[in-house]
Amino acid sequence: MQYRHIKPDPYRLARMMVAVKAVGVDDARVLAAMEAVPREIFVSPALKNEAYMDKTLPIGFEQTISAPSVVGAMTQALSLTGTEKVLEVGTGCGYQCAVLAKCAKRVFSVERIAGLAKGAEERLRGMGLHNVVTKVGDGRLGWPEQAPFDGIIVTAAGLDVPASLREQLVVGGRMVIPVGAQGQRQKLLRIVRTEAGFDEEVLGLVDFVPLLGAS
Ligand code: SAH
């Protein structure tokens with residue numbers, strides 16, 4: 001399936017961009033990427049009318065597509081300039097992955113549910129994004145064969161930051177990851193690897209699905 005011809009309704013897209021900017025997203029690269037990726041491709045046809053609303057939506061397999069404002073804020077926190085190699089944990093439907101592909105040089109994305117990975121792969125190919133590679137597996141282990149990464153983004157929440165992910169960051173690299181229990185809001189952390197260790201800051205509170213082991 002080809003998605004290149006799909007253009008969002010300008011009014012709905014403009015409203016989505018207002019919501020993204022309202023949370024402080026002002027990085028031109030991130031804003032341009034989000035304007036160029038039609039979110040409607042990533043949800044079922046029945047949800048098309050809601051695709052540009054600033055909310056999470058179901059994507060099957062008990063998983064969700066993140067709200068546009070969260071995707072924008074997390075992408076911006078990676079400080080991408082177009083030269084980076086990025087790892088995503090939790091491909092889901094592939095929306096965040098598509099936005100990353102437009103902001104970074106290469107994207108590697110891991111998803112534990114094969115059915116979701118397949119759909120994401122088809123959409124990314126259909127959009128003509130050829131700088132993305134996906135695989136099915138446990139993203140808590142990272143992608144050692146492709147490490148190190150300039151940026152790592154985790155789109156599911158665990159109780160801690162997996163050590164393998166920390167180890168796969170370059171010095172100066174950034175990781176954005178929600179940490180906390182289900183049933184309560186999780187802390188969205190930005191972790192920067194330094195020569196001496198890791199600097200951490202809390203960006204805000206979020207609600208993500210759980211980071212689980214491979215099935
Ligand atoms: N990035 C998506 C969000 C997907 S929801 C977006 O653009 O909206 C989070 C995804 O993380 C789910 O698809 C879930 O199956 C996946 N996931 C959870 N634990 C995982 C793990 N250990 N490894 C890889 N993927 C995982």
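Helices (H or I, at least four residues) and strands (E, at least two) are DSSP runs, numbered from the N terminus. The structure here is a predicted model, so to speak a computed one: local features need pLDDT of at least 70, side-chain atom pairs count only at pLDDT 80 or more, and totals for chains, interfaces and linings use all residues. Residues are numbered from 1 along each chain as its sequence is written, and side-chain values use heavy atoms, with hydrogens and water left out.

Empty space comes up first. Rolling a probe the size of a water molecule over the atoms shows where such space is left. On a 1 Å grid over the protein atoms alone, a pocket is an open set of points where a 1.4 Å probe fits, with protein on both sides within 12 Å along at least five of seven lines, and its lining residues have an atom within 4 Å of a point. The largest pocket holds about 500 Å³ of space, a volume being the space filled by probe spheres set on the grid points, which are joined across faces, edges and corners. It has 36 lining residues, and T64, T155, A156, F208 and V209 are the closest to its centre. Two or more lining residues come from each of strand 2, helix 3 (68–76), strand 3 (85–89), helix 4, strand 4 and strand 9 (198–206). Strand 2 gives the most, with 3 residues. By type, this lining splits into 19 nonpolar, 11 polar and 6 charged residues; Ala, Val, Leu, Ile, Met, Phe, Trp, Tyr, Cys and Pro count as nonpolar, Asp, Glu, Lys and Arg as charged, and the others, Gly among them, as polar.

The ligand turns up in this largest pocket, where "sits in" asks for more than half of its atoms to lie within 2 Å of the grid points. Around the ligand are 25 residues, with G90, Q96, E111, G139 and L212 coming nearest (a residue counts as near if one of its heavy atoms lies within 4 Å). Strand 2 (63–65), helix 4 (95–103) and strand 4 (106–111) each bring at least two residues to this shell, and strand 2 has the largest share, 3 residues. The shell is made up of 10 nonpolar, 10 polar and 5 charged residues.

Some polar contacts (pairs of N or O atoms within 3.5 Å) can be picked out too. An N or O atom in the side chain of E111 is 2.6 Å from an oxygen atom of the ligand. For G90, a backbone N or O atom lies 2.9 Å from a ligand nitrogen atom, and a side-chain N or O atom of D138 is 2.9 Å from a nitrogen atom of the ligand. On its own the ligand has 580 Å² of accessible area, and the protein covers 100% of that (Shrake-Rupley method, 1.4 Å probe).

Next comes the second largest pocket, with a volume of about 210 Å³. Of its 13 lining residues, V23, S69, A73, L188 and L203 are the closest to the centre. Helix 3 and strand 9 each supply at least two of the lining residues. This lining has 9 nonpolar, 4 polar and no charged residues.

The peptide bond from A147 to P148 is cis, with omega near 5°, and P148 is in the loop between strand 5 (132–136) and strand 6 (149–154). F61, in the loop between strand 1 (57–60) and strand 2, is not a glycine but has a positive phi of about 55°. S79, also not a glycine, has a positive phi near 50° and is found in the loop between helix 3 and strand 3.

Definitions and conventions. Polar contact = N/O pair within 3.5 Å; in protein donor to acceptor, adjacent residues only side chain to side chain.
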